[in-house]
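Subject: A structure for you to look at

Hello,

Here is the structure I promised to hand over. Have a look at it first, and then read on for what turned up in it.

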Amino acid sequence: MSKIVVMDHPLIKHKIGLIRRKTTGTNEFRRIIGEIAELICYEATRDLELQDVEIETPITKTVVQELKGRKLCVVPILRAGLGMVDGMLELIPAAKVGHIGLYRDPETLKPVEYYCKLPADVTEREIFVVDPMLATGGSSAAAIQMLKDKGCRHIHFMCIIAAPEGIKAVQEAHPDIDIFIGTVDEKLNENGYIVPGLGDAGDRIFGTK
C-alpha cells in the first residue's frame with residue numbers, strides 16, 4: 001500500500017526555512033539542499049528490508065543486521081534533482097545513479113523528455129526518484145512512468161517542497177508509489193510555481209539566475 005510521508009523533523013523545517021530566503025546565496029543553497037535530502041533519505045529508507053549476517057568482531061563472533069535483497073538507485077530529475085544526489089549518497093554510498101532529463105514546456109506546462117540514462121540492472125534495484133520541487137506533478141509522474149515502462153517496479157519519490165496539486169497528480173497517476181515530502185506549501189500560482197516556495201530550484205542550485 002502506497003503512502004505519503006510529510007517530514008516533521010525540526011532540522012528539516014529549519015533548513016527549508018533557510019533555503020526559502022531570497023538572500024540565501026548559491027553555495028549555501030546548494031549545501032542545504034543536500035543536507036535536507038540526506039535527512040529525508042534517512043526517513044525514506046526506514047522500511048528497507050534487513051537480514052541477519054554472522055560476522056566476527058575483534059572480540060567474538062556475533063550476528064548483525066545488513067540490508068537485504070535489492071540494491072539501491074538514485075534517479076534525479078534533471079537538472080534540479082542533481083542537487084539532492086550527494087546528500088543521498090552520503091547515506092547510501094553504494095547506490096548507483098541514473099538520470100532522467102525533463103523540462104516543463106512554458107506554454108503547456110507539460111513535461112518534455114530530453115535525456116534518460118539508467119544503470120543496466122535498474123529493474124533489480126530499489127529506486128528513489130528525486131526532485132526538490134513537486135509543482136504540477138507532470139515531470140515527476142512522467143519520470144516515474146518512464147521507469148515503469150522500462151520494467152522498474154520498486155519506485156519511491158522524494159521532494160523537498162510540494163504543492164497540493166502536484167501531490168494529487170502523482171497520486172492519481174501512480175497510486176502505488178510512496179511519496180516522501182519535506183513540506184507541503186499552499187498552492188501553485190498562474191505560472192505553475194509553488195507558493196510561497198523558493199523560486200526556481202535549478203537556477204538557485206546552479207547560480208544561473
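Let me begin with Asp 200, which sits in the loop between strand E13 and helix H6. (Helices are DSSP runs of H or I with at least four residues, strands are runs of E with at least two, and both are numbered from the N terminus.) Before going further, please keep in mind that this is a predicted model, in which local features need pLDDT of at least 70, side-chain atom pairs count only at pLDDT 80 or more, and totals for chains, interfaces and linings use all residues. Residues are numbered from 1 along each chain as its sequence is written, and side-chain values use heavy atoms, with hydrogens and water left out.

Is Asp 200 buried or exposed, or something in between? Its relative accessible area is 29%, so Asp 200 is partly exposed. (Buried means under 20% relative accessible area, exposed means over 50%, and partly exposed is in between, using a 1.4 Å probe and protein chains only.) Leaving aside neighbours within four places in sequence, Asp 200 is in contact with Arg 79 and Tyr 193, where contact means heavy atoms within 4.5 Å. Asp 200 and Ala 80 are 120 residues apart along the chain, yet 8.7 Å separates their C-alpha atoms.

Arg 79 belongs to the loop between E4 and H3. There is also a cis peptide bond between Val 195 and Pro 196, with omega about 5°, and Pro 196 is placed in the loop between strand E13 (194–195) and H6. As background, most residues other than glycine have a negative phi, and most peptide bonds are trans.

**How the helices pack**

Take helix H1 (residues 10–20) and H2: they pack at an angle of about 155°, and their axes are 10 Å apart. (Axes are lines fitted to C-alpha atoms, for helices over the stretch in contact, and angles run from 0 to 180 degrees between N-to-C directions.) That makes H1 roughly antiparallel to H2. (Angles under 35 degrees count as roughly parallel, over 145 as roughly antiparallel, 65 to 115 as roughly perpendicular, and the rest as oblique.) On the H1 side the contact involves Leu 11, Ile 12, Lys 15, Ile 16, Leu 18 and Ile 19, and on the H2 side Phe 29, Ile 32, Ile 33, Glu 35, Ile 36, Leu 39 and Ile 40. The residues of this H1 and H2 contact divide into 11 nonpolar, no polar and 2 charged. (Ala, Val, Leu, Ile, Met, Phe, Trp, Tyr, Cys and Pro count as nonpolar, Asp, Glu, Lys and Arg as charged, and the others, Gly among them, as polar.)

How do things look between helix H2 (residues 26–44) and helix H3 (residues 82–91), and at what angle do they pack? The angle is about 45°, with the axes 7 Å apart, and H2 and H3 are therefore oblique to each other. From H2, Ile 33, Gly 34, Ala 37, Glu 38, Cys 41 and Tyr 42 meet Gly 83, Met 84, Gly 87, Met 88, Glu 90 and Leu 91 of H3. The contact of H2 with H3 has 7 nonpolar, 3 polar and 2 charged residues.

In H3, the buried residues are Gly 83, Met 84, Val 85, Gly 87 and Met 88. Their cover includes H2, strand E4 (72–78), strand E5 (96–97), E8, strand E10 (155–162) and helix H6 (201–206).

Asp 131 lies in the loop between strand E8 (126–130) and strand E9 (133–134). With a relative accessible area of 11%, Asp 131 is buried. Among the residues it touches, not counting those up to four places away in sequence, are Ala 80, Met 84 and Phe 157.

Helix H4 (residues 138–149) includes Ala 143, which counts as buried at 0% relative accessibility. Beyond four places in sequence, Ala 143 touches Ile 77, Ile 100 and Leu 102. Just after H4, Gly 151 takes a positive phi of about 100°.

Enjoy exploring it!
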